[in-house]
Amino acid sequence: DYCPQDFDHSPLLVFYETTQACDLACQHCRASAQPQCHPDELTPDQSRQLVRELKQFPKPPMLILTGGDPLKRPDIFDLVRFAVDEGIQTAMTPSATPLLTADAIGRLKAAGLARLAVSLDGADPFTHDTFRGVEGSFRRTLEAIATAEAMELSVQVNTTVARHNVEQIETIADLLDQKRIDLWSVFFLVPTGRAQAAYRLSAEECER
């Protein structure tokens with residue numbers, strides 16, 4: 001188990017932005033994701049070397065594969081299996097696109113993925129899909145949660161609180177209360193990447 005003393009020598013989590021490619025067009029994307037992979041992304045061999053380096057910490061951290069959309073990388077399933085085989089607990093935050101199929105979730109589970117994290121940024125399709133920039137993202141997110149639950153794969157839901165959904169937080173909580181999820185991670189929008197300061201809540205709204 002991780003304890004406070006471990007912070008002196010080892011991080012708890014390491015987030016690896018595997019790709020800038022993503023088929024969503026989220027208004028708040030910190031990675032300023034684009035449809036195609038960036039030419040400077042790590043190669044499969046370089047990615048494996050990064051994983052190996054995590055083992056040099058006295059207490060290896062949990063690895064979270066992010067993006068963009070990790071599922072846009074052709075080697076992502078092999079990378080998950082490699083990290084797990086190296087003894088690194090591994091999670092992933094895929095985007096809710098047509099790539100996030102039941103087959104893909106099953107392959108991640110078979111590769112040893114410890115947790116699947118998806119984003120839910122509205123209590124209804126209009127609010128969520130407008131924020132994510134693609135119609136159908138809300139539906140796919142709920143389908144992914146149900147699929148992972150059925151496969152007994154740990155699920156985390158991330159919610160970015162901003163001006164578009166601040167009045168829906170309790171409704172989102174009620175919606176997620178009906179799901180078997182292990183963590184609801186709620187955080188404020190940070191104006192970086194494509195995220196604009198206009199979406200950010202005021203200090204008074206944050207306190208409320």
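Author: Helices here are DSSP runs of H or I with at least four residues, strands are DSSP runs of E with at least two, and both are numbered from the N terminus. By that rule A102 has its place in helix α3. The model is predicted: local features need pLDDT of at least 70, side-chain atom pairs count only at pLDDT 80 or more, and totals for chains, interfaces and linings use all residues. Residues are numbered from 1 along each chain as its sequence is written, and side-chain values use heavy atoms, with hydrogens and water left out.

Reader: Why is A102 called partly exposed?

Author: Its relative accessible area is 42%. Buried means under 20%, exposed means over 50%, and partly exposed is in between (1.4 Å probe, protein chains only). The value for A102 falls in the middle class, so A102 is partly exposed.

Reader: Which residues is A102 in contact with, leaving aside its neighbours within four places in sequence?

Author: T147 and M151. Contact means heavy atoms within 4.5 Å. F57 is 45 residues from A102 along the chain, and their C-alpha atoms are separated by 34 Å.

Reader: What makes E170 count as exposed?

Author: A relative accessibility of 68%. That is over the 50% cut-off, so E170 is exposed. E170 sits in helix α6, residues 169–176.

Reader: How does L50 count: buried, partly exposed or exposed?

Author: Partly exposed, because its relative accessibility is 27%. L50 belongs to helix α1, residues 44–54. Apart from neighbours within four places in sequence, L50 contacts Y16 and L42. P35 is 15 residues from L50 along the chain, and 24 Å separates the two C-alpha atoms.

Reader: Which strands stand at the edges of the sheet, and why?

Author: The open sheet has 6 strands in the order β1-β2-β3-β4-β5-β6, with parallel pairing. β1 (13–17) and β6 (183–188) each have a single partner strand, so one side of each lacks a neighbour in the sheet. On average, neighbouring strands of this sheet are turned by 25° against each other, direction ignored.

Reader: How do you know that β2 and β3 pair?

Author: Two strands pair if DSSP finds at least two bridges between them. β2 (residues 62–66) and β3 (residues 90–92) have 3 bridges, in the parallel sense. Three meets the rule, so they count as a pair. L65 stands opposite M92 in β3.

Reader: What makes the pair of Y2 and F7 edge-to-face?

Author: Rings of Phe, Tyr and Trp (its six-membered ring) pair if their centres lie within 6.5 Å; planes under 30 degrees apart are stacked, over 60 edge-to-face, the rest tilted. The Y2 and F7 centres are 5.1 Å apart and the planes stand at 80°, so the pair is edge-to-face. The structure holds 1 aromatic pair. Y2 is partly exposed, at 26% relative accessibility. F7 is exposed, at 55%.

Reader: How far is R107 from the ring centre of F77?

Author: R107 lies over the face of F77, at 3.8 Å from the ring centre. A charge sits over a ring if NZ of Lys or CZ of Arg is within 6 Å of the ring centre and within 35 degrees of the ring normal. R48 lies over the face of F82, at 5.6 Å from the ring centre. F77 and F82 are among the buried residues of helix α2 (residues 76–85). The buried residues of α2 pack against β1, α1, β2, β3 and α3.

Reader: What is the phi of E152?

Author: Near 60°, a positive value in a residue other than glycine. Most residues other than glycine have a negative phi, and most peptide bonds are trans. E152 lies in the loop between α5 and β5. At 70% relative accessibility, E152 is exposed. The peptide bond from G67 to G68 is cis, with omega near 20°. G68 is in the loop between β2 and α2.

Notes
Axes are lines fitted to C-alpha atoms, for helices over the stretch in contact, and angles run from 0 to 180 degrees between N-to-C directions.
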